[in-house]
Amino acid sequence: MTTSQSVTTFRRNPPTGMRAGFGMLTRIVRTKAEKGHHVRNQTVKAAVLVASALLLAACGTNKTESGSSGGNNSSNTQQGCDQSKDTLVIGVIAPQSGGLSALGLGIRNSAELAVEQANEKCAVPGYKLKVQTEDDQATPQVGAQAATRLSSNAKVIGVIGTLNSSVAQSVQPVLQAKKIVQVSPANTSPSLTRGDDFLNNPKRKYDNYFRVCATDDVQGPFAAKYLVGKAGKKSIAIITDGKTYGEGLASEFKKQAEKDGAKIVATEKVGEKDTDFSTVINAVRGANPDAIYYGGEYPQAGPLSKQAKDLGLNVPVMGGDGVYDPKFIELGGKEGDLATSVGAPVDSLDTAKAFVDAYKAKKYKDELGAYGAFSYDAANVIIGALAQTVKSGDWSESQRAALITNVGSFSAPGATGELKFDQYGDSTNKLMTVYKVSGGKWNPDETGTFGG
Amino acid sequence: MATLLQQLISGLVLGGQIALIALGYTMVYGIIQLINFAHGEVFMVSVFGALATYNWFIPESWQQTWPLALLAMLVGAVVVAVVLAVLMERFAYRPLRNAPRLAPLITALGVSVMLKEIVRLSFPGATAAVHVPRAFWDEPITFKVPGGTVVIGSTGLLVIVVAIVGAVLLQVYISRSRMGRAMRATAQDPDTARLMGVDPNRTIVLTFVIGGALAGVAGVLYGVHLNNVDTDAGFLTGIFAFTAAVLGGVGSIKGAVIGGFIIGVIKTVGGQYLPGGTAYDLVWIFVLLILVLVFRPQGLFGEPERVRA
Amino acid sequence: MNIPPGWAWLGQALLIIAGIILVIWLCRLGERRGTAYLADRPAYLRPLALLGGVLALLSALLPWVTFELNDGVYPELSTLQFFDEPWGVTGFRGFILLLGLASIVLAFVPIPAKRRVYRAIGLALFGITLFNTGFIIYYGGGIGAATAADGVVAFGGLVGLVAAAVVWFAHRSGPLEQVPLWNSKVSRAVAYPVLLLAFIALLLVVAMLLRAGTTADGDSRAYAGPIFLSLLFFISGVILALNGLGFTKWLTDVSDKHRLWSVVVLLGCSIALPFTEAGTDYWMTIAVNIGVYAATAIGLNIVVGLAGLLDLGYIAFLGIGAYVAANFSEASAAAFGIKLPFLAAAIVAAVVAGVFGAIVGSPTLRVRGDYLAIVTLAFGEIFRKAAQNDIGGLTGGANAIPDIPPISAFGQSFSAPLEIGGVKLPSGVLYYILVVVLVAVVMLVFANLKDSRIGRAWIAIREDEDAARAMGIKTGQAKILAFLIGATLAGLAGAVFAHKTSTVAYDSFQFIESVTLLAAVILGGMASIPGAVLGSALLIVLPEKLRDFQDLRLFLFGLALVLIMRFRPQGLIPDRHRRAELADEGVVEAPSQEHNVADSTPGGGAAVTR
């Protein structure tokens, strides 16, 4: 250990010559530089090359319109609307980075689309609306930060989000404290609205929390009734992905299926990052089910269905609205697979078609995702209720309570069906449709409501 | 019986993939004692490389005929993986070769986060699964056994065969060829190897190239066998592969392959028969890893570590 | 036959990459040539400094963009308005103006270590101009945005870059001076007010940084990210200059000599943060999260920084603490019906986490180096899997444990706003004070341990485990103790985390969080106490401030890890011992006993043969 003072670099001199590469090169260059002209030649050559590269890059310049992710330029399209009073903010809390961002970006874009349309249509006279998106990184603590950030802004009227139920749990109390209305496009856990004992003793936890999607205890039993009753499957295997959505859905499905006389022959779990499902499929195959109910989303469900078939387990796979996606079929969903989804079939609903067309016309970089339509509806609920609220006076923080009331009594058709809330803040839209894969696409098979 | 056999076969298929990646870990660790954390991500990127090749780089007529498509995907995946591995070695690891042990490990973590993000940003929607074409002769082979049937897909069989053949070829290359000898010499003592006329840098790059190429092959097989991929594919598979390399004894090629198969079988058979079931299959693999490291740190086929003077 | 679309794209990409590489190479070459030329020409300092300063002034006054960017004018007043509004140069152009003026003035003022100051100015100029030019080009959709388009020219960015280069070369003229040493033996009458002022300045700078880019009512402005980053570059430049002048060294020496006073003032300043402009609900929440992470990171620092044992599953201990505290709260999903007072719950959480720490640490008796990293990673994943599967009904599984009530004392809920004598304090301020106390306690523990017998033992183990054992250190005990204490601190932090976040879900404890903690330790400086706090603060504040770039968050995170390891492995605030070691010979066999590549590890190296 030799000591030489004052040199604070971390790199060791190349004593053994192990670092021959760059270090050597630089030293050679330096000696040449001291000698003179050789390098200048190189420099000129390099300069020419760089200049040409830069020119090439400059050719691609698009100078007036640029890559903001879309929807920010709405300020230019405000012909004739009175937006003089103020700009109000609708917050979006959803994952914008990392693994779940695909869904989160769909939520953001759809909300922006709704707000843009509202600005164009002068939906809220006197006000301009804008969306402020906050990344929750799919973790509760960051979600709480995002919620606090939004809640300390007096101009925030409402929040759309979150994607994850666990994030919702940390966001709810923050927004509640400031009486900011929250409309979730994606939380399906019944306990978020009706408390832990949601079936027998429902108790509303947060009066500012609403959701436009169907809860697990609507969707699961509906699926069970169809699969056991109509399709006549009596021995069913349940596979879940261990996440809140999948687990909740599967457990509600199981309750009803057993009540209807089916036998749950196997219950297995896949890892949320798995792509090879052979273990689970083999385990299930041993129990000879005549159908599989999958609690989870299409990225796993599609390959699962395909791999099951490859391994000789050719039975229908059924899932919830997380599975109802064209990608499911692309990823291996096979003929006869089933999924439930909220509302009447999209083709029969003009509002849904209009939304999808508008989304496509905007040419967003990201796809709509499973929750885009719900997010669009959530935004429209808040906008509609706001329009109602500002009728009775200009917006101020003190009107947040009134806005919550107006959201509670809101009613209008949306892209996912009728938008209306019950006394717990859940969507009253309990209409569900079962879709079946046939001819390479989802086709509606049965529409109805559970218990009806 | 049928179920057990079926789980065993699925385990071997899974193990074959893990083994191919484990070879990359074991070689790099063997030569420069670096856990190349990003190796799992190289594998993941190579699947996307194969996918990009199929989608954007070959004419439609090739897409229709699977041997051509498979070949193109293989080339694409291997090129991507090799280029990536070499760049990583050159710009991330080589400057740190004399730094404390933590530095390259943390760099590897950083590289792996970066690779995942680059893929996510360049394939929108890749965080959810993306479809990869099958590009192989597609015929499940079914056996009758007492108590039912056992199925092995043609692609599954391919995975096992390639893993074993690849390992054998690699073994032969390392023990017979000139470069193989150089690699062994560098692993033993880089300074002496240099004196003997071996260029350690070249040898190390070659190691990364071979590891990358194997990851590329594994990537194509993975895509063709499972027909889907997402950006998380590298993380768990990478950790499994590393576990396999440790289990077999780091530095041992035979060990990596056998370790891979063991891990695969534990995941499938263990997932069914061990307590906790499929929900805890990961846990069992890690428990095994910890037990091996505690009670036989040199792995199944490694030599016991001498106490340093 | 149609050529598939990929090839054209590939060609373009390769060309752009080649262009970038060429630019970088050219810069390196130029820098090297310039340095060689200037090395023995110290007299060039003044003319270069003057030229650079003038260019910087010019750059600040020139227009920067050729058209209005999408989200409004950037930079503010982004036209040539000098003659209308001589003092209307705001934002980053203001910083460039200040740096330019400094460069000109300092050319005539005799100060020690002048070249070090110019280096700082050059770097700050370079950071500000490069970032802003890049941003304008990126956001404006092409190089035309910052040069010429539609007959409008804007060369502010380019001139700024040239100015930065010239100032940088000014510092290259002649040899770099030693950092001047100031006499740190000053009387209390001088030391106390100076320290007080210094910490207050620090507090104000922090508050200013936090509020950068937001409007008065907390709404974030357009371009909040660039505004914040420009300020950050400027402040970094100022700090670097003070560093070069030897001022920070003097200040730390003085504060070392008057430690008690420093600690008191620092605590006072920390608690004063809610009274500054950063005293909003939002920043209180962030600050609490920073505190929780910092406390955990300091715990991790014992394991990694002192004992040299890499842990990649550390977030699990925070999680264990959080779950324990959640189960002893009144949450309806809690497994135990009892509610412990917060302090008791926190102690139980710390103890349980500590026990788990000892368990996780036990393989260290046999497992070394990189293998240990994998074992800890495995433990982290096992924890997460167990939490997800609701092991023993303790974690709520996928449904988490929601609705954990906030801590309350004397009838005051910690999450509610507070009013003392007419002064309105943001909600969460009590959590903030709790967290400040928590971090202070954790720091105290760490500092005392570090200089104690066991601390020495850890450092010995880090440097050379075999030698440490030969010297009679019970290495096994010491290592397990490191894990135990580290985990205890993390568990304590977890208890606060549970109540503040109000829900404990397995999503909070993913692998990437462990990497974040590790990154916080490394970024700040291993074994350095303020380093861990600074690291956590940066890793939490930067993503909040740079929401404009949130898409790139993880990518930049990964890149930062790589670059830090490459260029500043000792971290931002290196620990003094570590600093000495690193200065020593450039290489420390720090964290593990195994040697570098030159050493053949049997079982590793030889085994390729088989």
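Domain bounds here come from an automatic or database domain assignment. With that in mind, let us walk through this structure, which is a predicted model.

**Two chains, divided into domains**

In chain A, the assignment gives domain 1, made of residues 79–213 + 371–421, and domain 2, made of residues 217–346 + 433–449. Chain C is also divided, into domain 1 (26–178) and domain 2 (280–405 + 461–585).

| Pair of domains | Separation of C-alpha centres |
|---|---|
| Domain 1 of chain A and domain 2 of chain A | 30 Å |
| Domain 1 of chain C and domain 2 of chain C | 41 Å |

How many residues of domain 1 of chain A are in contact with domain 2 of chain A? There are 11 of them, and they meet eight residues of domain 2 of chain A. On the domain 1 side of this meeting place in chain A, four residues are nonpolar, seven are polar and no residue is charged.

**A closer look at chain A**

Chain A contains 14 helices and 14 strands. Of its 452 residues, 57% are buried. Take the contacts in chain A between residues at least 6 apart in sequence: 74% of them join residues at least 24 apart.

Five strands of chain A build an open sheet with parallel pairing, and their order is S2-S1-S3-S4-S5. At the edges you will find strand S2 (127–135) and strand S5 (209–211) of chain A, each pairing on one side only. On average, neighbouring strands of this sheet are turned by 25° against each other, with direction ignored.

Strands of a sheet pair through backbone hydrogen bonds, either parallel or antiparallel. For one example, follow strand S1 (residues 86–94) of chain A, which pairs with strand S3 (residues 156–161) of chain A in the parallel sense over five bridges. Here A:Ile93 has A:Gly161, in S3(A), as its bridge partner.

Helices join the picture too. Helix H5 (residues 165–177) of chain A packs on the sheet and touches S1, S3, strand S4 (181–184) and S5 of chain A. The direction of helix H5 of chain A makes about 160° with that of S4(A). Helix H14 (residues 400–408) of chain A lies across S3, S4 and S5 of chain A, and runs at about 35° to S4(A).

In soluble globular proteins, nonpolar side chains tend to be buried together. In this model, the largest nonpolar core has 380 residues, and those with the most contacts inside it are A:Tyr293, A:Ile382, B:Ala19, B:Ala81 and C:Ala482. Helix H10 (residues 281–306) of chain C gives the largest share of this core, 18 residues. There is also a second, separate core of 52 residues, which includes C:Leu45, C:Val89, C:Ile96 and C:Leu229.

What surrounds B:Ala19? Leaving aside neighbours within four places in sequence, its contacts are B:Ala163, B:Ala167, B:Ala244, B:Ala256, B:Val257, B:Gly260 and B:Phe261.

**A glycine in a loop**

Finally, visit C:Gly525, which sits in the loop between helix H18 (511–524) and helix H19 (529–545) of chain C. Is C:Gly525 buried or exposed? It counts as buried because 26 other C-beta atoms lie within 10 Å, and the cut-off is 20 or more. Beyond its neighbours within four places in sequence, C:Gly525 is in contact with several residues, including C:Gly531, C:Gln570, C:Gly571 and C:Asp575. By contrast, the C-alpha atoms of C:Gly525 and C:Ala331 are separated by 38 Å, and these residues are 194 residues apart along the chain.

Technical notes:
Residues numbered from 1 in each chain as written. Chains lettered and ligands numbered in written order. Predicted model: local features only at pLDDT ≥ 70, side-chain atom pairs only at ≥ 80, totals over all residues. Core = buried A, V, L, I, M, F, W, Y, C linked by C-beta atoms within 7 Å. Buried ≥ 20, exposed ≤ 12 C-beta atoms within 10 Å, placed from the backbone. Helix = DSSP H or I, 4+ residues; strand = E, 2+ residues; numbered from the N terminus. Contact = placed C-beta atoms within 7 Å. Pairing = 2+ DSSP bridges. Axes fitted to C-alpha atoms, helices over the stretch in contact; angles between N-to-C directions. Nonpolar A, V, L, I, M, F, W, Y, C, P; charged D, E, K, R; others polar.
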